[in-house]
Amino acid sequence: MTDIILILVGAILVNNFVLTQFLGLCPFMGVSGKVETAVGMSAATLFVLTLASACSYLVFQYLLLPLGLEYLKTISFIIVIAAVVSMTEIIMHKTSPLLYRILGIFLPLITSNCAVLGVALLNINQSHSFAQSVFYGFGAALGFSLVLILFSAMREKLALCDIPEPFQGAAIAMITAGLMSLAFMGFSGMV
Amino acid sequence: MPLSLPMLTPLLTPVLALLGLGLTIGAVLGFVAKKFRLENDPVVETINNLLPQTQCGQCGYPGCKPYAEAIAAGDAINKCPPGGETTINQLADLLNIPALPLDESYGHPEVKKVAFIREAECIGCAKCIPACPVDAILGAPKYMHTVIESECTGCDLCIEPCPVDCIDLLPLEPYAAPIKTVAELNEEEILVCINCALCVDECPVDILPHELYWACRGNDLASAETLKLMHCIECGKCDRVCPSNIPLVEYYQATMQSLNTQQADKKQAGKAKQRFELHQQRMEKLKIEEEQRRQKRAELAKKGPRSQTRDTILAALERVKSKKKPS
């Protein structure tokens, strides 16, 4: 139980995937314009990350290891992730068509979100058990959601502010992200 | 060196493993896709609700609904001149895509107009009545017509069918204009808000004037509304304490005006949408009735010329015969 909690805290705060390990920056910049969109994206990523880390663990343990095909792990993980993302896409199109439209290209792009593949590969590297893998993926997704929603709330406020012209748009977003990353450095060494 | 089977065997396991993985995943995805099939897209309805419902067809589509369908399928959002910038911004916000300037090739945004019939010149031909997409023209053949001003969307579709050119489009009186617009206020301001929150303590109706100021300044009507803009009683206490001398109340007034305009336009659009749908139903019904009448006439014509009169004569003879019999 303690190790699960440690994994969760570690993945959410200490080794936050976006702000400390700099993975998954594309959706972090791309869909953080509005809080609602960010919440939708977070939910999709949460679903994909948890499911993908479970599936990739199973594929690695019960397909690749017995056959001695460890060197195929990257490509098979990509296949698994792509499948989970497609499934999420189909389900979301049915349950929330508007969100599906709003997320647009960023939804299929979760496939190439390096945080997802990163979690799957890190699970293998750190030889996590099944439960640990699932919670590592879940924690990574929670960390991603946390910073994405915080960041989008800040950007919503920034949109109304008096920003000097050269800093408008992406520039001020980058600066904000950098400051957030600095703040998250404060968590290092906690676990 | 030619390829031989023993050379390929080490390749066999990985290929088969990946193939099996792919097939399993494909089967699962196929099942999910079948289970979660989408029947009709509710996005179209949401987009349609944002369009001004003038049904003018300036976008190149025969009404607002078809254009909404086209947008949902990926068409550009800047083809609606009556909606202008407001509609484009709302659509961009809804679909999370960048707002484009209006495509001027589809028309220019103009002041809101309504059709007006110079009644003395109207000959009562009734040609404009079916042309009106929202059934806002009242009248009957050989009687003069008139336009219900509050229902007219100013689409100008009735101008063309009128044979005597007695319909004018007159500009509608705009909603009460603010003293200065937000853009003008933004221009002239020198000192910025420092978020000192002195105004918060002064406000008698417990709104957050400085937060509201940022929303008004950025023309964010939705935020302004949630920050209780409409609760402002324009007492001016916040103005007096502001160390930056920001004309807060003028900002609020300008934003209230935009908000009121937006809400009134939305209400009008809702009404126009309803009337357009009824109009279309009516047209559909008329078309079916016309078709039935034509078929009836065609059947009669097939029986030969004057078959109707012959039938009447035969029926009359029959009647006479039956009357004569008893005597």
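In the predicted model, the secondary structure of chain B comprises 12 helices and four strands. Chain B has 327 residues, of which 24% count as buried. When contacts in chain B between residues at least 6 apart in sequence are considered, 64% join residues at least 24 apart.

The interface between the two chains involves 24 residues of chain B, which are in contact with 25 residues of chain A. On the chain B side, α1 (5-35), α2 (42-50) and α8 (209-217) each supply at least two residues. The largest share, 10 residues, comes from α1(B). By class, this side of chain B has 16 nonpolar, five polar and three charged residues.

Within chain A, helix α1 (residues 2-14) has A:Ile7, A:Ala11, A:Ile12 and A:Leu13 as buried residues. The buried residues of α1(A) pack against α7 (130-158) of chain A.

The largest nonpolar core contains 54 residues, among which A:Val48, A:Ala52, A:Val84, A:Val116 and A:Ala140 touch the most other members. Of the helices of chain A, α1, α3 (35-67), α4 (73-95), α5 (97-103), α6 (114-125) and α7 each supply at least two residues of this core, and the largest share, 13 residues, comes from α3(A). Apart from its neighbours within four places in sequence, A:Val84 is in contact with A:Val48, A:Leu51, A:Ala52 and A:Cys55. A second, separate core consists of 21 residues, including B:Cys203, B:Cys238, B:Ile246 and B:Tyr252. In soluble globular proteins, nonpolar side chains tend to be buried together.

Note on methods: Residues are numbered from 1 along each chain as its sequence is written. Chains are lettered from A and ligands numbered from 1 in the order in which they are written. This is a predicted model: local features need pLDDT of at least 70, side-chain atom pairs count only at pLDDT 80 or more; totals for chains, interfaces and linings use all residues. Two residues are in contact if their C-beta atoms, placed from the backbone, lie within 7 Å. Ala, Val, Leu, Ile, Met, Phe, Trp, Tyr, Cys and Pro count as nonpolar, Asp, Glu, Lys and Arg as charged, and the others, Gly among them, as polar. A residue is buried if 20 or more other C-beta atoms lie within 10 Å of its own, exposed if 12 or fewer, and partly exposed in between; C-beta atoms are placed from the backbone. A nonpolar core is a set of buried Ala, Val, Leu, Ile, Met, Phe, Trp, Tyr and Cys residues joined through C-beta atoms within 7 Å.
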